[in-house]
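Here's a quick tour of a structure for you to follow along with. Keep the model open beside the text and look things up as you read.

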Amino acid sequence: MKRRPFIAGNWKMHKAPAEADALAEQLKRALADVTAVDIAVAPTFLSLPAVIARLRHSNIGVASQNVAVEAQGAFTGEVSAEMIKVAGAQYAIVGHSERRQVFGETDAVVARKVQACFRAGLAPILCVGETLPEREAGQEEAVVGRQLDVALAGLSADQVGALTIAYEPVWAIGTGKVASPAQANDVHAFIRGWLGRYPAFVARNVRIQYGGSVKGSNAAGLLAQPEIDGALVGGAALTVDEFVAIVQAAG
Ligand code: PGA
């Protein structure tokens, strides 16, 4: 049985509340008839309340781009999974490569953030992926395997089964250099195989998104691959027509 496609837009550090609300409103209208695809957008923390309010009665879910490890306390500048949940979001992106590379998040920190999501009742979208030197050294599976080993250690099969995993090769993010459908599918198949250590329903249920320079013109080819269940979209998620085209390619 084919898994239900899941397209998520990561707005990164774009769109203050008024602009984010306007984009959400346009997407809500343009995507109102979509029934066969799960859709979510991830605005900045500041814009979360406006976007959540705008999309409350719609078929578009809302994600944060990050969560804190702790639930509350003296952690200046952080926002907890509990706060994001109370604000009304359903999902959280965890371990995005920009968090790992620019903000120094280790696999161990990513693991604690995945646990924070489950503690709070948010559905994590866990990002994994290799850098260009790692790809050139043929280490993509070793790197992704290690990221999964650490991030998912200690989770129950039910929790792992509730994850979305986003395979995002770092060399393809924001570079215009998209992985070929076959290259992406190979790593997705590796991830699916990695999930085989859990009861069968886990590998069957987990949706694996591809991320890295996805746009309207290349989405169909990627989404046609058997192991690609959706996309995590950066730049193209900021343009209504592009994001709508990607969702339509999934449905
Ligand atoms: P991009 O970003 O689509 O702009 O390459 C993807 C991501 O970072 O999730």
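Two strands count as paired if DSSP finds at least two bridges between them. Helices (H or I, at least four residues) and strands (E, at least two) are DSSP runs, numbered from the N terminus. What you're looking at is a predicted model, where local features need pLDDT of at least 70, side-chain atom pairs count only at pLDDT 80 or more, and totals for chains, interfaces and linings use all residues. Residues are numbered from 1 along each chain as its sequence is written, and side-chain values use heavy atoms, with hydrogens and water left out.

- Let's start with strand 1, residues 6-10: five of its five residues are buried, so the strand is largely enclosed by the rest of the structure. (Buried means under 20% relative accessible area, exposed means over 50%, and partly exposed is in between, using a 1.4 Å probe and protein chains only.)
- Phe-6, Ala-8 and Asn-10 point one way from the strand, while Ile-7 and Gly-9 point the other way.
- Strand 1 pairs with strand 2 (residues 38-42) in the parallel sense, over five bridges.
- In that pairing, Phe-6 sits opposite Asp-38 of strand 2.
- To get from strand 1 to strand 2, the chain passes through helix 1 (residues 17-30), and this β-α-β crossover is right-handed. (Right-handed means that, with the strands pointing away from the viewer, the path from the first strand over the helix to the second runs clockwise.)
- Strand 1 also pairs with strand 8 (residues 230-233), again in the parallel sense, over four bridges.
- Here Gly-9 is the residue opposite Val-233 of strand 8.

**Around the ligand**

- Which residues come nearest to the ligand? Of the 13 around it, they are Lys-12, His-96, Glu-168, Gly-174 and Ser-213. (A residue is near a molecule if one of its heavy atoms lies within 4 Å of it.)
- By class, this shell has four nonpolar, seven polar and two charged residues. (Ala, Val, Leu, Ile, Met, Phe, Trp, Tyr, Cys and Pro count as nonpolar, Asp, Glu, Lys and Arg as charged, and the others, Gly among them, as polar.)
- Backbone atoms reach oxygen atoms of the ligand: a backbone N or O atom of Gly-174 lies 2.6 Å from one, a polar backbone atom of Ser-213 is 2.7 Å from one, and a backbone N or O atom of Gly-234 lies 2.8 Å from one.
- Taken alone, the ligand exposes 280 Å², and the protein buries 95% of that. (These areas come from the Shrake-Rupley method with a 1.4 Å probe.)

**Two residues with a positive phi**

- Most residues other than glycine have a negative phi.
- Lys-15 isn't a glycine, yet its phi is positive, at about 75 degrees. You'll find Lys-15 in the loop between strand 1 and helix 1, and at 25% relative accessibility it counts as partly exposed.
- Ser-213 also has a positive phi, about 60 degrees, without being a glycine. Ser-213 lies in the loop between strand 7 (207-211) and helix 11 (216-223), and is buried, with a relative accessible area of 18%.

**A buried arginine**

- Is Arg-192 buried or exposed? Arg-192 is buried, with a relative accessible area of 10%, and lies in helix 9 (residues 181-194).
- The side chains of Arg-192 and Asp-229 are joined by a polar contact of 2.7 Å. (A polar contact is a pair of N or O atoms within 3.5 Å; within protein, one must be able to donate a hydrogen and the other to accept it, and residues adjacent in sequence count only if both atoms are side-chain atoms.)
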